[in-house]
Amino acid sequence: MNITGLDVETTEFGGNITSRNAKMEGLALAYSKDLTEYHTDPSKWIIPEYIVAHHAKFDLLKLKQTGLNLPIKFEDTLIAAHLIDENDGHGLKHLARKYLGVQPKNYKEVDRTDVEAFSEYAKTDAKYTYLLWTKFQKELKSQDLNRVYELEKKIIPVFHDMEDYGMMVDLQSLEELGKYVSEQRLEKQRKVWELAGEEIFIDSTKVLKEFLYDRLKFRCKKLTKKGNLSTDNEALLALNHPLANAILDYREFTKMENSFTNKLPLHLDENNRIHTDYNPLGTVTGRCSSRSPNLQQTSSHSELGKKLRSCFVAPEGKKLIVADFSMQELRVLAHYSNDPLLLNSFKRGDDLHETTAKLIFNRSKISKEERFISKLINFGVIYGISPDGLHKRLQGEKVKISIYDCINFINRYFNTYKKVKDFLDTVSTAVRSRGYVRSITGRRRHLTGETKRELRQAANFTIQGTSADITKISLLNLHKELPKDAHLIGVVHDEVIIECSEEMAESVKTLTIEIMENNDFDLRVPMKVDIKVVDNWSEK
DNA sequence: GACACTGGCGCG
DNA sequence: AAAGCGCGCCAGTGTC
């Protein structure tokens, strides 16, 4: 089958026009480097059987939305570019310069009202895509990236359907919450002003900094990354002063108002559904990012966060099925390290944080605080935590433990789970000798491993990247195997959300567990899914 | 008015 | 010099 370069031109973005509702205006095709065409006449929009696009998620969506036939088979130079070099830019123009040695015109340099010039521009994009593919195809194969490439291709329709179906918001509840939040914000503001003795502009870090550290002479314990005096959560907490606490209170409500209660309504469609735009390759680790809105940062921990999530609902007669992998990354760590104690804890179905606490505190009965510290260390290992980091985290959680104890605990962790240390060493050696590390699907991250930071990133990539792979495979399988009227409507890294009718909820629940707990990766640990059938996203 | 940067903070 | 990993979005601020 011959491949054809394809590029869909749409209305320009801006204002209310997003990639989701931009309309198709033209179709550029490149059958070879010399034979290209561009059509603005919809009757000429005939889609070849086998195409390559740069960002197929977008182009295929437009074809679908326009009601055109989809190609039988497709390739994507954007995915390929991401996988071949995750650090480099991925724009078509950039890639054309880099791999084809040409000097493409930028979109901004082209006059859209000049029909001939714009047609030429569109055709050139299709041609570059066509030419890039011949290069990338070889690279994917020689660099052993085909498995992850196929995964990333296959997942595109999953995101199409998920984004298209969207997630329902109870607008009335959201508005009520918004009212409460804005009232509370004013109340918290009043409190701050009262304690400050004047009406300072709390939203400005500049003003705040001058007031706290110049006027009131508080001693700032933390600097920003640019070396300025910080007024963030940690810095204010350290002041241990009613005014600082009041400012933190105030911030919780401004954050909620600015980021959520005021913003989410702007993203609702006519049916009060939200259509997040996922970028399946939005991160260097293989995780998805999400935007407009970023559903993945919707508050959840605080009381206010729970109230917010309760506004995400199932429509009348339907249910949400919320399924998350229990300790996904820690299970991946157990798999890679092959540590017998970690593996056994998971195989027995024990509470890992408790297991860790018993082992590092060396007793059979452990306190809540000991479990909490162990939990922090368990998760911290994935990020390459230091005693200092652990200490700060614990301080932030109001746990009073000395830095020496932190050193001690971390040492005991590694003395207990000896093979975890071996795993970290193996990753370090590998990244230094090869210049990259791979996740379980073969996804790569290029790092030299010359700094401590890069070694942490290498270890974290192995775990986070593999976890992302596991979630993506699950999405693929769910999309394939769920009944037709059960719909994936959201994914938050290790959590998936499904909407289906009340009647089928129990069977979909069973099926979802089955699908998510089984994959073809031959892991040494069982994956476990926590799942609930609920009416809203916050319900237990 | 558009754009970039900074500090800050939400999530896993 | 020291830094725990990965993101996107907000308001305020500074600049052209």
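Student: Is T285 buried or exposed?
Tutor: Buried means under 20% relative accessible area, exposed over 50%, and partly exposed in between, using a 1.4 Å probe and protein chains only. T285 has 5% relative accessibility. That value puts T285 in the class buried.

Student: What kind of model is this?
Tutor: Residues are numbered from 1 along each chain as its sequence is written, while chains are lettered from A and ligands numbered from 1 in the order in which they are written. Side-chain values use heavy atoms, without hydrogens and water; local features need pLDDT of at least 70, side-chain atom pairs need pLDDT 80 or more, totals for chains, interfaces and linings use all residues, and the model is predicted.

Student: Which side chain makes a polar contact of 2.7 Å with the side chain of T285?
Tutor: T285 sits in the loop between strand 8 (277–279) and strand 9 (289–291). Helices (H or I, at least four residues) and strands (E, at least two) are DSSP runs, numbered from the N terminus. A polar contact is a pair of N or O atoms within 3.5 Å; within protein, one must be able to donate a hydrogen and the other to accept it, and residues adjacent in sequence count only if both atoms are side-chain atoms. T283 joins the side chain of T285 at 3.1 Å, and the partner at 2.7 Å is Q464.

Student: Which residues does T285 touch, leaving aside its neighbours within four places in sequence?
Tutor: Contact means heavy atoms within 4.5 Å. With those neighbours left aside, the contacts of T285 are R443, F461, Q464, G465 and A468.

Student: How many residues of strand 15 are buried?
Tutor: Strand 15 covers residues 495–501. The rest of the structure largely encloses this strand, because its buried residues number seven of the seven.

Student: How many bridges pair strand 11 with strand 15?
Tutor: Two strands pair if DSSP finds at least two bridges between them. Strand 11 spans residues 318–325, and its pairing with strand 15 is antiparallel. K319 stands opposite C500. The number of bridges is seven.

Student: Which residue of strand 15 stands opposite H487?
Tutor: Strand 14 (residues 487–491) runs antiparallel to strand 15, with four bridges. Three residues lie between these strands in their hairpin, where H493 takes a positive phi near 65°. Opposite H487 stands E499.

Student: At what angle do helix 12 and helix 18 pack?
Tutor: Axes are lines fitted to C-alpha atoms, for helices over the stretch in contact, and angles run from 0 to 180 degrees between N-to-C directions. The axes of helix 12 (residues 328–337) and helix 18 (residues 418–434) are 9 Å apart, and the angle is about 80°.

Student: What is the orientation of helix 12 relative to helix 18?
Tutor: Angles under 35 degrees count as roughly parallel, over 145 as roughly antiparallel, 65 to 115 as roughly perpendicular and the rest as oblique. L333, Y336 and S337 of helix 12 meet K419, V420 and F423 of helix 18. By its angle, helix 12 is therefore roughly perpendicular to helix 18.

Student: How many residues of helix 2 are buried?
Tutor: Helix 2 covers residues 77–84. At its start, a side-chain oxygen of D76 reaches to within 2.8 Å of the backbone nitrogen of L78. The rest of the structure largely encloses helix 2, because the buried count is eight of the eight.

Student: What is the C-alpha to C-alpha distance between L29 and Y130?
Tutor: L29 belongs to strand 2 (residues 24–30). Its relative accessible area is 1%, so L29 is buried. L29 and Y130 are 101 residues apart in sequence, and their distance in space is 9.0 Å.
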